[in-house]
Amino acid sequence: MSIEQQIQEQREENRLIVSELLADGSEPDAEYIIEHHFVSHNFDRLEKVAVEAFKLGYEVNDAEELELEDGRVVYCFDAVSNHRLDLELLDKACEQLLQLATKQKVEYEGWGTYFIGDDVEAEQKETLH
């Protein structure tokens, strides 16, 4: 799939996530913790993405090592930002991070956040991609 197709699919996903959160009653003007997810079998490539994401202003979590069901090992981390559920900001961030991931040959697995509101338990409204 081309980078343009990936960007378009991610934009559609952005709209779906935001609309579902707002439809469920999440606060439209709240500041959200946005976690962009990356994964790779190659730690060095993933580390390069983490460094670049940090330079772009993201808070970068420490990489974690996970063993898959088939025994293979992958590494993952989140690049975190805080802002409203503004589609323009989300689209720009996703495009930038998708291009960075593509350049380093790692997987960008989308973003996630959590429901913000007081009428439903947060665990019920978790919306992670």
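The structure discussed here is a predicted model.

The residues in question are H37, F38, V39, N61, D62, E64, L66, C76, F77, D78 and E109. Three strands, β1 (32-40), β3 (64-67) and β4 (73-83), each supply at least two residues of this lining. The space in the second largest pocket amounts to about 150 Å³.

The largest pocket has a volume of about 250 Å³. Helix α1, helix α3 (87-104) and strand β5 (107-113) are the elements that give two or more residues to the lining of the largest pocket. That lining consists of 14 residues, and those lying nearest the centre of the pocket are Q6, Q10, L98, E107 and Y108. By class, five of the lining residues are nonpolar, five are polar and four are charged.

Helix α1 itself comprises residues 3-23. With 21 residues at 1.5 Å a residue, α1 should span 30 Å, and the separation of its end C-alpha atoms, 30 Å, agrees with that expectation. Which residues of α1 are buried? They are I7, Q10, N14, I17, V18 and L21. When α1 is seen down its axis, these buried residues fall within an arc of 95 degrees, so they line one face of the helix. The face turned away from this buried side carries the exposed residues E4 and A23. Just after α1, G25 adopts a positive phi of about 100 degrees.

Helix α2 can be examined by the corresponding reasoning. It covers residues 43-55, and its 13 residues should span 18 Å at 1.5 Å a residue; the end C-alpha atoms are 18 Å apart, in agreement. L46, V49, A50 and A53 are buried in α2. Seen down the axis of α2, the buried residues lie within an arc of 100 degrees, so they line one face of the helix. On the other side of α2, D44 and K55 are exposed. F43 also belongs to helix α2. Because its relative accessibility is 34%, F43 counts as partly exposed. F43 and Y32 are 11 residues apart in sequence, and their C-alpha atoms are 29 Å apart in space.

The cysteines call for a separate step of reasoning. A disulfide is a covalent bond between the sulfur atoms of two cysteines. The criterion applied here is a pair of cysteine sulfur atoms within 2.5 Å, and by this rule the count of disulfides is zero. C76, which is among the residues lining the second largest pocket, is buried because its relative accessible area is 16%, under the cut-off of 20%. C94 counts as buried at 1% relative accessibility.

G110 is found in strand β5. At 1% relative accessibility, G110 counts as buried. The C-alpha atoms of G110 and C94 are separated by 7.5 Å, although the two residues are 16 residues apart along the chain.

K105 lies in the loop between α3 and β5. K105 has a positive phi of about 60 degrees although it is not a glycine. Is K105 buried or exposed? With a relative accessible area of 59%, K105 is exposed.

V60 is located in strand β2, which covers residues 59-60. A relative accessible area of 24% makes V60 partly exposed. V60 and I33 are 27 residues apart along the chain, and their C-alpha atoms are separated by 13 Å.

Key
Residues numbered from 1 in each chain as written. Predicted model: local features only at pLDDT ≥ 70, side-chain atom pairs only at ≥ 80, totals over all residues. Heavy atoms only, no water. Helix = DSSP H or I, 4+ residues; strand = E, 2+ residues; numbered from the N terminus. Expected span 1.5 Å × (residues − 1). Buried < 20%, exposed > 50% of the residue type's maximum accessible area, 1.4 Å probe, protein only. Arc of directions from axis to C-beta. 1 Å grid on protein atoms, 1.4 Å probe; cavity = no way out; pocket = protein on both sides within 12 Å on 5 of 7 lines; lining within 4 Å. Points joined across faces, edges and corners; volume = space filled by probe spheres on them. Nonpolar A, V, L, I, M, F, W, Y, C, P; charged D, E, K, R; others polar.
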